[in-house]
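Hi,

Here is the structure I promised to pass on. Have a look at it first, and my notes follow below.

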Amino acid sequence: MTLDFELINEKSECRKAVLLFHGLTGSPFELKKYGQFLYKNGYDVYADCLPGHGDKVEEIYTVKYTDWLEFAYKRFEDLNKKYDEVFVSGLCLGAVLALAVAIKYKDEVKGIVSLSTTLFLDGWRLPWFSFLMPIALSTMVRFYYNYPECEPHGIKNLKVRNVIKRLLQQGNVGMNDFPMTSIFEMLKLSKFVRKNIQEVTQPILIIHSQEDDLTSTKSAKLVNSKISSTDKEMIILKDSYHMVLYDNEKEFVYEKALSFLDNHSEIESEGEARAACC
Amino acid sequence: MLLIVLKYLFIAIGSLLAILITCGKLFVFKLKDNILVSNYTASIAGGFFLYAISAISLIIFAPNLIDKMLMLMFGLSPFIIGNLATYEKENVFTVIQIITAIASVIFVINCI
């Protein structure tokens, strides 16, 4: 079963697209509502399972951060050939990948929407022994442990959280734990992006939750302070946890992202036409 | 006095690490109890930290340059082995780690 999705306007040639990246151990499912919203408002949207996250779940244990980078680069290059404007956006690990793509393709990425950017794992949900993580990750310990997906699952809204819990148990939308080997790779990717963050010059919208349970606002603030972009905006949400695309302020996030994309796109949207046919 | 304390501390930690990793691989990591596995794994991580610190502290008391280098290698071994290890060869590297811990304990007993 593939969770990838592509929302493409078949009726007329759309010239602008958004490439979305999901989070660690997640899937494009977590981007679907967001993607559908952008599609209805005039953008073609693409979201794929990252390497190690598809049908062959065991690959998560062997995937390297360079695999994620190569995949993201290739995906962007493919879309850049087809569209006049390509924006990149992502959640969690996906946000870090979006930044990595922006670093590499300075003149080609039209803009970035970075959601719950995870450059550090320092959220309030992490267990008491998380201070041992640097040691755990650099020794054999990283092969012995999978950090379990647990309350609050990145979602403050109880109703939504229960739905997501059910879907996770069914195994349809993501993994039930975070292998430490994948966390290790994510932090290596984070280090790579942090080292080159000043290369980001494109317009950027950074959205992060004050109460993010996985990664504190330190990540968002670092991006905001270190990038070279002159056109940047950082929004700190007050009533959501990590999964901002599904939590209490999701509509606000969608609207802000759309507003950012529209303000930085030189191509008019066909929003009304798409809303009618969707 | 300090030498005796450090020496026996290292012997205890090295031995405990070897036992913890062995029991972990054979029994504990297969359990469904997440909290137990979490705490157990954290203990091993903490053990590696103390092992490295105590090994590096013993460098001062090593009698000659070769022994000092060996103690340094033992101290850094969890990180060297961790960085070289791959998921596919995890069991092999686990055995290497256990053997290294035991070898370091034997070395300290006999040479320091």
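How much area is buried between chain A and chain B, and what share of it do carbon and sulfur atoms give? Please keep in mind that this is a predicted model. The area buried between the two chains is about 1900 Å², and carbon and sulfur atoms account for 75% of that. On the chain A side, the residues that lose the most area to chain B are Met140(A), Phe143(A) and Tyr144(A); together they make up 34% of what that side buries.

In terms of residues, 17 from chain A are in contact with 27 from chain B. As for specific interactions across this interface, the rule finds 0 salt bridges, while 4 residue pairs are in polar contact, with both partners at pLDDT 80 or more. Helix α4(A) supplies the largest share of the side of chain A that touches chain B, with 3 residues. By type, that side divides into 13 nonpolar residues, 3 polar and 1 charged.

I also looked at helix α6 of chain A, residues 180-196. At 1.5 Å a residue, its 17 residues should span 24 Å, and the end C-alpha atoms are 24 Å apart, so the two values agree. Its buried residues include Met180(A), Ile183(A), Phe184(A), Met186(A), Leu189(A) and Val193(A), along with Glu185(A). The buried residues of α6(A) pack against α2, α3, α4, β6 and β7 of chain A, and also against α3 (65-84) of chain B.

Happy to go through any of this with you.

Best wishes

Methods. Residues are numbered from 1 along each chain as its sequence is written. Chains are lettered from A and ligands numbered from 1 in the order in which they are written. This is a predicted model: local features need pLDDT of at least 70, side-chain atom pairs count only at pLDDT 80 or more; totals for chains, interfaces and linings use all residues. Side-chain values use heavy atoms; hydrogens and water are left out. Helices (H or I, at least four residues) and strands (E, at least two) are DSSP runs, numbered from the N terminus. The expected span of a helix is 1.5 Å times one less than its number of residues. Buried means under 20% relative accessible area, exposed over 50%, partly exposed in between (1.4 Å probe, protein chains only). Contact means heavy atoms within 4.5 Å. Buried area is the accessible area (1.4 Å probe) that two parts lose on being put together, summed over both. A salt bridge is a side-chain nitrogen of Lys or Arg within 4 Å of a carboxyl oxygen of Asp or Glu. A polar contact is a pair of N or O atoms within 3.5 Å; within protein, one must be able to donate a hydrogen and the other to accept it, and residues adjacent in sequence count only if both atoms are side-chain atoms. Ala, Val, Leu, Ile, Met, Phe, Trp, Tyr, Cys and Pro count as nonpolar, Asp, Glu, Lys and Arg as charged, and the others, Gly among them, as polar.
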